[in-house]
Amino acid sequence: MRNATNIVRLSGLALVVGAGLAIALPAAAANTPTEAANKKVVLDFYAALNEADATNSTKDRIAGIAEKYLSPEYKQHTIDLPGPGTDREKLIKMFQSRPAPPPGGAAPAMSPQHTDAVMAEGDRVMLLTSRDQRDPATGETKPSYIFNMFRVKDGKLVEHWDVAAGRGG
């Protein structure tokens, strides 16, 4: 009888703890239509950059990509882009100043960037990406991870923060 009483008490305790966890840890909510649209803008921006990287055409296509996805008021928080102009203009200039492919051959395309996670809350979208890169110390190829956060307004990226292993953000 004593074991039966203990089982009833433990069952009751499990129900109380389980109910408490259900209240304290609500299930993940689905994205609102605006959050889903914001995620799509960020993912489409990255898809355009990846496609340009894969074809070594980023230098030629960055102005159009920026026009489509970046607000004229775009602010890059992580790095101080050199030169005069808005952050969007300076980002375009940075990509356009990449060295030209060597004569008689194309520059090696960057390895594709992978989207490992994406989440949205309100006007913010966080993205975890990775790209296989050669480790100069060992020569081995291993993934390099970058955390990005964007603020989206009216279907355009207006702010960007990022941090990668080995550099602050």
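Strands S3 and S4 form a hairpin with 6 residues between them. Gly139 sits in that turn and has a positive phi of about 80°. The model is predicted, and the values below are computed from it.

**The hairpins**

S3 covers residues 124-134 and S4 covers residues 141-153. The two strands pair in the antiparallel sense over 11 bridges.

S5 spans residues 156-164. The S4 and S5 pairing is antiparallel, over 8 bridges. Met149 has Trp161 of S5 as its bridge partner.

Asp154 lies in the loop between S4 and S5. Its phi is positive, about 55°, although Asp154 is not a glycine. Is Asp154 buried or exposed? Asp154 counts as exposed, because its relative accessibility is 73% and the cut-off for exposed is over 50%.

S1 and S5 pair in the parallel sense, over 3 bridges. Gln76 has His160 of S5 as its bridge partner.

The pairings with their bridge counts are set out here.

| Strand pair | Sense | Bridges | A bridge pair |
|---|---|---|---|
| S4 and S5 | antiparallel | 8 bridges | Met149 and Trp161 |
| S1 and S5 | parallel | 3 bridges | Gln76 and His160 |

**The helix pair H2 and H3**

Two packed helices are described by the angle between their axes and the distance between the axes. Helix H2 (residues 33-54) and helix H3 (residues 58-69) pack at about 170°, with axes 9 Å apart. H2 is therefore roughly antiparallel to H3, since angles over 145 degrees count that way.

Which residues make the contact? H2 gives Val41, Asp44, Phe45, Ala48, Leu49, Glu51, Ala52 and Asp53. H3 gives Thr58, Arg61, Ile62, Ile65 and Tyr69. By class, the contact has 8 nonpolar, 1 polar and 4 charged residues.

Asn56 is in the loop between H2 and H3. Asn56 has a positive phi of about 55° and is not a glycine. Its relative accessibility is 34%, so Asn56 counts as partly exposed.

Thr58 lies in helix H3. With a relative accessible area of 2%, Thr58 is buried, because buried means under 20%. What does its side chain touch through a polar contact? The partner is the side chain of Asp53, at 2.7 Å. Asp53 is among the H2 residues named above. Setting aside neighbours within four places in sequence, Thr58 is in contact with Leu49, Ala52, Asp53, Phe95 and Arg98. Leu49 and Ala52 of that set also belong to the H2 side of the helix contact.

Phe45 is in helix H2. Phe45 counts as buried, at 7% relative accessibility. Its partners, again leaving aside neighbours within four places in sequence, are Ile65, Tyr69, Leu70, Phe150 and Leu157. Ile65 and Tyr69 are on the H3 side of the helix contact. Phe45 and Ile65 are 20 residues apart in sequence, and their C-alpha atoms are 7.4 Å apart in space.

**The chain as a whole**

The protein chain has 4 helices and 5 strands. Read along the sequence, the pattern is α-α-α-β-α-β-β-β-β. The chain has 169 residues, and 28% of them count as buried. How many of the contacts between residues at least 6 apart in sequence join residues at least 24 apart? The share is 46%.

Note on methods: Residues are numbered from 1 along each chain as its sequence is written. This is a predicted model: local features need pLDDT of at least 70, side-chain atom pairs count only at pLDDT 80 or more; totals for chains, interfaces and linings use all residues. Side-chain values use heavy atoms; hydrogens and water are left out. Axes are lines fitted to C-alpha atoms, for helices over the stretch in contact, and angles run from 0 to 180 degrees between N-to-C directions. Angles under 35 degrees count as roughly parallel, over 145 as roughly antiparallel, 65 to 115 as roughly perpendicular and the rest as oblique. Contact means heavy atoms within 4.5 Å. Ala, Val, Leu, Ile, Met, Phe, Trp, Tyr, Cys and Pro count as nonpolar, Asp, Glu, Lys and Arg as charged, and the others, Gly among them, as polar. Buried means under 20% relative accessible area, exposed over 50%, partly exposed in between (1.4 Å probe, protein chains only). A polar contact is a pair of N or O atoms within 3.5 Å; within protein, one must be able to donate a hydrogen and the other to accept it, and residues adjacent in sequence count only if both atoms are side-chain atoms. Two strands pair if DSSP finds at least two bridges between them.
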